[in-house]
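Work through the exercises below with the sequence and the model at hand, and try each task before reading its solution.

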Amino acid sequence: MDNKTMARLLAETADLLEIDGADSFRIRSYRRAADAAEQTTVDLVEAASDAARLMEIDGIGKGMAAKLQTIAQTGSLEQRDQLLAKYGAGILDLLKLSGMGPKTIAFLWDVAKIANIDQLAEAIAAGRLNGLPRMGAKQIEKLRRGIDDFRRSAGRFRIDVAAEEAARIAAYLLRLEGIDKVTPAGSLRRGRETVGDLDLLATGPACEPGHTAAAVEHVVAYPGIHDIIAKGENKVSFNLEQGLQVDVRILPAASCGAALQYFTGSKAHNVALRQRALKLGYTLNEWALARLDDGSTVAAATEEEIYAALGMDWMPPEMRENLGEIDLAAGHKLPRVVALGDIRGDLHMHTTASDGRNSIREMAEAAIACGYRYIAITDHSKNLAMTGGLDEKRVLEQIGQVRAVDRALHESTGGRIRVFTGIEVDILAGGAIDLDDEVLAQLDVVIASVHTRFEQSREEMTERVLRAIENPYVRILGHPTGRLLLHREPFALDMAAVLKRAAELDVAMEHNAAPERLDLNDHDLRLAKEMGCRIVMSSDSHDARNLGKMNYGVMQLRRAWLAPEDILNTRDAEGFLAGLRARP
Ligand code: DGT
Ligand code: CA
Ligand code: CA
Ligand code: ZN
């Protein structure tokens with residue numbers, strides 16, 4: 001049990017209470033506690049031994065402190081369990097549909113006893129929602145699309161969620177003496193934006209053939225297991241509570257490299273590699289690269305040896321999708337792809353001026369801790385009123401504040417960091433920018449993003465974005481497809497047309513590295529490079545703690561084979577500014 005899980009249980013309870021029509025005061029207290037649990041740096045399980053300590057946390061009163069203690073002790077909450085028993089666990093899936101909130105769900109339950117996605121889909125197909133209040137044709141169509149999206153992404157998990165689970169399991173496995181190393185393989189190691197299941201490889205003395213019993217027993221005793229799917233001498237598969245499947249393989253050190261290569265995949269890469277091996281007179285499987293004639297092992301202990309024996313250079317896992325990397329590696333012509341350490345600045349972040357959690361100064365200090373040499377403060381603009389977006393007057397005030405922090409830090413840190421002024425402006429439905437040009441002209445970094453009216457047609461949206469980048473002050477197009485992984489599909493857009501025009505205008509394309517976005521995706525990043533676009537990677541942090549989290553974004557850049565010189569913010573501060581679109 002960790003803080004995040006506790007926060008989720010509280011938030012789900014709030015949603016369920018709202019569906020159930022509980023009084024709003026009670027619902028609010030659960031929501032506040034969920035937010036508090038999400039944000040606090042206090043380890044809640046540890047603090048749960050003392051209610052007074054829990055109550056010191058902002059947003060947690062006496063009642064909620066007791067609830068947290070119950071969760072810490074029992075792993076669940078009676079209110080939640082009762083409501084789930086009443087409505088069924090599938091009711092929580094309904095909340096994941098876009099456009100669906102507790103009020104709509106309560107309504108659907110009241111009028112049609114709909115309590116899960118299948119029942120909703122069935123009711124729509126049978127026309128049973130037609131003519132109901134609040135259920136116009138548009139709303140029904142939206143729900144239908146939401147169901148499609150849900151079903152398409154069901155069973156996959158965001159890469160950061162998978163990586164956190166992998167780290168937790170690895171830490172647990174390493175507690176057994178005899179397990180020395182746990183390495184993630186599969187799509188997680190390749191940096192795919194979503195992960196179907198986790199593949200973990202364990203090695204050490206307790207993993208050698210004939211001696212794996214203790215290791216197997218240790219794996220099956222992992223406290224996060226919901227149910228065990230399979231248990232053998234060198235493999236255990238299980239499901240975690242939220243449905244993520246985990247395959248743990250227990251491997252002898254001698255075939256570690258072969259196993260890592262095999263289970264990293266991708267399948268397409270492996271198939272092509274095996275064909276190459278056959279042509280050279282070898283067989284390749286998860287145990288070894290071996291000679292076809294006498295079966296003797298050629299290479300097995302490391303990936304490097306295996307690739308070398310096949311006449312190839314080792315390549316980063318992100319490149320292994322059979323998209324031409326095998327020939328490049330055989331010709332010793334692999335590109336040097338960008339790494340996290342190449343990134344020198346972060347150009348998209350929010351502060352308390354709009355919907356961020358930290359001040360300008362706190363963001364800058366966190367950036368120094370990450371080793372960055374420059375950042376830009378880019379709060380939302382006035383069209384996003386619910387985020388507290390800045391109007392022209394507040395932008396001008398903030399410019400002064402940013403410059404003051406820049407000067408102060410310049411002196412106190414000996415020029416360690418530069419803080420650029422900036423804004424993330426809204427692209428309005430017709431393509432206009434929501435702030436005046438005179439104000440934009442005074443900012444270093446102007447990111448323009450679509451945050452509303454995602455349902456426009458492909459023609460409308462393409463026109464809208466093209467018009468926005470014609471504004472001479474727009475320097476970066478933010479999260480260009482608007483997608484939220486497993487939650488909201490990208491909006492319809494003629495990407496090739498946008499990239500072509502952006503390249504002509506010197507507008508940089510953002511790779512938004514927030515793990516729920518990863519936007520542009522790997523495919524479009526590759527296209528962006530081919531079309532000659534400049535690219536900037538940013539964290540889009542709303543919290544100083546997220547500034548360092550660009551590793552999943554870096555993996556997408558590497559999946560697109562991008563080199564450091566393809567990314568503007570691998571340059572120093574002057575080089576970065578010079579690489580942005582020139583001011584009119
Ligand atoms: P996922 O789990 O859907 O996100 O994607 P992966 O790539 O992790 O796929 P998974 O978990 O089914 O298999 C892990 C790796 O094991 C895969 O990338 C390559 C290898 N592998 C699995 N099945 C086969 C197979 O039938 N042939 C070959 N050559 N490799 C396989
Ligand atoms: Ca997998
Ligand atoms: Ca697997
Ligand atoms: Zn945005």
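**Exercise 1.** Find the polar contacts between ligand 1 and the side chains of Asp-199, Arg-190 and Arg-274.

*Solution.* Begin with Asp-199, where an N or O atom of the side chain is 3.1 Å from an oxygen atom of ligand 1; a polar contact is a pair of N or O atoms within 3.5 Å. Go on to Arg-190, which has a side-chain N or O atom 2.9 Å from an oxygen atom of ligand 1. Finish with Arg-274, one of whose polar side-chain atoms lies 3.2 Å from a nitrogen atom of ligand 1. The protein buries 73% of the 600 Å² that ligand 1 exposes when taken alone (areas by the Shrake-Rupley method with a 1.4 Å probe).

Before going on, note that this is a predicted model, in which local features need pLDDT of at least 70 and side-chain atom pairs count only at pLDDT 80 or more, while totals for chains, interfaces and linings use all residues. Residues are numbered from 1 along each chain as its sequence is written, chains are lettered from A and ligands numbered from 1 in the order in which they are written, and side-chain values use heavy atoms, with hydrogens and water left out.

**Exercise 2.** Which residues coordinate the calcium ion (ligand 3), and how are they spaced in sequence?

*Solution.* Next, read their spacing, which is D-x1-D-x47-D. Asp-197 lies in strand E4 and Asp-247 in strand E7 (residues 245-251), so this pair ties together parts that are 50 residues apart in sequence (strands are DSSP runs of at least two residues, helices of at least four, numbered from the N terminus). Then look at the calcium ion (ligand 2), which is 3.7 Å from ligand 3, with Asp-197 coordinating both.

**Exercise 3.** Name the protein donors of the zinc ion (ligand 4), and decide whether His-451 and His-479 are buried or exposed.

*Solution.* The donors are Glu-424, His-451 and His-479, lying 2.0 to 2.3 Å from the zinc ion. His-451 is buried, with a relative accessible area of 16%, and His-479 is buried too, at 2% (buried means under 20%, exposed over 50%, partly exposed in between, with a 1.4 Å probe and protein chains only).

Technical notes: Donors are N, O and S atoms within 2.8 Å of the metal (3.2 Å for Na, K and Ca); water is not among the atoms, so sites may look incomplete. A polar contact is a pair of N or O atoms within 3.5 Å; within protein, one must be able to donate a hydrogen and the other to accept it, and residues adjacent in sequence count only if both atoms are side-chain atoms.
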